[in-house]
Amino acid sequence: MERHSLPDAGTDGAGRSGPRRRRIMIATALVLTLAAGTGIAASTGLLSFAESCEDSAVRLDLAVSPDLAPVVRAAAHRVRDKRVTSDGRCMDIRVDARENHEIARELSDHDKEPKYEAWLPDSAIWAVRADGLGRGVPLTAAGSVAVSPVGIATDRSAGTSLGWPGKTYTWSQLATATTASETVHLGTADPARSATGILALAGIASSYARESGSDSWEDRTDTEASPAPGKPTRSPQPDRAVRSAVPDRSKIPKKPTGPSGTAKPKPTKNPKATDKPKKPKGSPAPGRSPSTDSTRRPAEPERTSDANASLDADAKIAATARLLAQRLAPADSQILRTLSAPGSSRNEAVFLSEQAAFTHNFTASDKDDLDLFYPTDGALRLDYPYHLVDADDLTLDESRAASRFLALLGDSVTVRDLTSHGFRPSTGTAPYVLVHTAGGRPPQPYARSATGIDPVSRDLLQEMLGMWTVTVQSARLTTVVDVSGSMQSAVPGRGGETRLDATRASLLRVIDQFSQEDEIGLWEFATGLDGPRDYREIVPTARLGASVNGKPNQRARLTEAFTALKPVPNGATGLYDSTLAAYQSAQAGYARGKFNALILLTDGANQDRYSISRSTLISRLKGIRDTKRPVPLIAIAIGPTGDEQELDEIAEATGGAGYQVSDPSDVQAVILKAITAVGQSSQLKRD
């Protein structure tokens with residue numbers, strides 16, 4: 001029996017049936033599964049029909065993720081054909097299939113008139129990206145239309161070598177198995193353009209953190225779901241509570257069912273077509289791998305206070321990102337092509353959603369089918385959120401029509417259409433035939449609820465994007481650190497550790513995220529630091545792998561310089577003069593083709609009464625800013641005495657932004673998130 005024949009459908013002995021016959025059988029099973037227990041939408045009163053559309057119809061323009069667009073477009077056609085109304089007026093729904101990253105960039109600039117009344121991307125991640133520096137077009141989350149778990153798909157040879165389907169893995173174990181192998185190469189769609197890619201990267205980071213006993217990535221998760229329907233999406237400040245970018249998972253039955261909701265069909269005698277591998281003597285119970293129970297959360301490793309655990313997790317995810325950057329596809333639509341690419345550019349495994357695997361396998365020949373691994377420590381998913389775009393600017397008719405159409409996307413007809421295209425409805429449940437077609441088999445935990453890692457927070461996603469930015473695009477960063485006397489103040493609850501101590505430790509972790517091709521330099525500032533000047537360049541900005549005048553390489557020099565930073569006992573904060581001087585220097589050293597930025601860290605406001613004024617500083621920064629050669633300022637206020645509002649006003653003049661951290665140890669996370677936000681803003685201005 002072929003792999004995608006329904007499990008209870010026998011063969012006629014004439015060999016494998018062709019793709020066309022298989023498509024008919026799968027489609028029939030999906031329709032039968034979903035039709036059971038459902039009524040006709042019109043009989044429920046969900047659809048209302050008008051005698052005529054005498055009044056002008058309410059027009060709504062929707063931007064929709066390309067994979068979901070066919071389903072939404074079909075629903076829009078039904079609305080027009082059946083003359084469905086909203087408050088007595090017909091609805092004219094126009095569906096535009098657009099790449100999610102393109103819409104996110106367009107909506108990140110509030111100065112531009114939005115082209116759409118609603119947006120349906122594949123993930124809530126894109127609302128975070130669209131918000132950018134907090135200056136994007138307001139988005140109001142109204143609900144979720146569909147979901148699709150994210151896993152790792154392999155070709156048949158790689159699946160066999162990795163032990164599919166009997167062997168299960170955590171995200172970190174899968175990453176290790178597919179990046180350390182000489183025969184299995186893992187690829188991804190560009191995480192800057194792919195929600196699947198960035199979710200998988202975040203899953204791996206969290207898994208590495210748990211594995212090492214570190215809190216570095218794992219604690220930046222949140223159990224709360226996406227913004228509640230009707231609530232505008234806004235990026236919070238780094239030290240405030242965050243909302244998750246992935247919704248809570250609905251509980252899914254542990255035992256998969258067949259097309260009619262009955263017990264899972266029995267496998268055939270053909271071992272290659274068997275859904276459930278025969279249990280060898282001494283093997284664990286069904287549904288469990290030798291080391292992991294796939295129906296419950298993996299045991300937490302023993303916690304350690306060793307700071308090396310955090311560095312180890314950071315180093316592992318950075319190394320994984322660097323390897324993935326060498327096996328990259330520009331977008332989701334192109335990642336599957338890498339599985340058949342010639343020579344060394346060929347991937348044998350890729351990050352993929354269940355829906356994308358379903359679509360591929362539905363039409364593929366048997367030899368080209370994909371196997372799908374579902375990691376045991378977190379079923380990350382695309383959540384297909386429905387957003388109202390600038391809801392306050394919509395007319396009442398537009399707003400009500402948009403809500404009406406969202407309700408129609410949840411009717412039985414659309415749910416059947418969703419499943420026939422490989423999507424799970426927003427409840428998360430799915431007929432076994434969908435999972436089977438996508439390449440899922442027991443004991444892979446395809447039917448798990450959210451019992452693995454917590455939903456990925458927007459903080460972690462932004463950090464992953466920042467790390468990815470500096471991985472694929474080399475950076476040139478000049479760091480400017482406040483060494484005024486107040487930086488020797490103790491951080492509460494840290495056993496006497498000072499603000500400068502914690503800041504220094506965080507900056508040392510930042511350096512580990514960068515490659516030898518990245519350029520980093522160091523300045524310090526405080527009044528009276530260098531004669532009449534408030535600032536001093538300690539290590540000129542240069543490649544981390546470069547040796548300077550026969551001295552140790554730049555990374556070693558920076559590590560030594562950061563470690564040697566000391567507060568100036570009677571020094572005050574000479575903010576304005578130092579900011580201008582460092583910015584001018586960073587501009588003069590602009591490196592084309594790299595992400596250029598100035599990173600300034602301070603715990604106070606300007607205290608140099610002889611310096612230029614704030615208004616003069618802002619005016620001069622605006623005057624010398626060059627959008628074709630952007631050098632945004634990332635200004636971080638440390639502790640309660642830092643003035644985030646002032647820093648944001650100063651940074652905005654350069655195309656950057658101000659941030660605040662209560663704990664200096666959060667500096668690393670904020671820098672990575674800021675790189676994502678200001679990098680996107682700078683790119684938009686260049687375009």
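Colleague: What should I know before I start?
Modeller: This is a predicted model, so local features need pLDDT of at least 70 and side-chain atom pairs count only at pLDDT 80 or more, while totals for chains, interfaces and linings use all residues. Residues are numbered from 1 along each chain as its sequence is written, and side-chain values use heavy atoms, with hydrogens and water left out.

Colleague: What is the mean pLDDT of the protein chain?
Modeller: First the idea: pLDDT is the predictor's confidence in each residue, from 0 to 100. Here the chain's mean is 78, and 74% of its residues reach 70 or more.

Colleague: How many helices and strands does the chain have?
Modeller: The chain has 20 helices and 20 strands. Of its 687 residues, 57% count as buried; buried means under 20% relative accessible area, exposed over 50%, and partly exposed in between, using a 1.4 Å probe and protein chains only. Among contacts with a separation of 6 or more, 79% are between residues 24 or more positions apart.

Colleague: At what angle do helices H2 and H12 pack?
Modeller: Axes are lines fitted to C-alpha atoms, for helices over the stretch in contact, and angles run from 0 to 180 degrees between N-to-C directions. Under 35 degrees counts as roughly parallel, over 145 as roughly antiparallel, 65 to 115 as roughly perpendicular, and the rest as oblique. H2 (residues 69-81) and H12 (residues 412-420) pack at about 155°, with axes 10 Å apart. That angle makes H2 roughly antiparallel to H12. On the H2 side, the contact uses Val71, Ala74, Ala75 and Arg78; H12 brings Val413, Thr414, Asp417 and Leu418. Sorted by class, that's five nonpolar, one polar and two charged residues. Nonpolar covers Ala, Val, Leu, Ile, Met, Phe, Trp, Tyr, Cys and Pro; charged covers Asp, Glu, Lys and Arg; the others, Gly among them, are polar.

Colleague: Is H17 roughly parallel or roughly antiparallel to H18?
Modeller: H17 (residues 575-588) and H18 (residues 614-624) pack at about 10°, with their axes 10 Å apart. So H17 is roughly parallel to H18. Their contact has six nonpolar, three polar and two charged residues, including Tyr576 in H17 and Ile624 in H18.

Colleague: Where are the cis peptide bonds you've got marked?
Modeller: One runs from Trp164 to Pro165, with omega near -5°. Pro165 sits in the loop between helices H5 (156-161) and H6 (171-179). Another joins Pro442 and Pro443, with omega about 5°, and Pro443 lies in the loop between H13 (432-438) and H14 (458-472).

Colleague: What is phi of Tyr384 near?
Modeller: It's near 40°, a positive value in a residue other than glycine. Tyr384 is in the loop between strands E12 (381-382) and E13 (385-389), and counts as buried because its relative accessibility is 0%. Asp390 also has a positive phi, near 50°. Asp390 lies in the loop between E13 and helix H11 (396-408), and counts as buried at 14% relative accessibility.

Technical notes: Helix = DSSP H or I, 4+ residues; strand = E, 2+ residues; numbered from the N terminus. Contact = heavy atoms within 4.5 Å.
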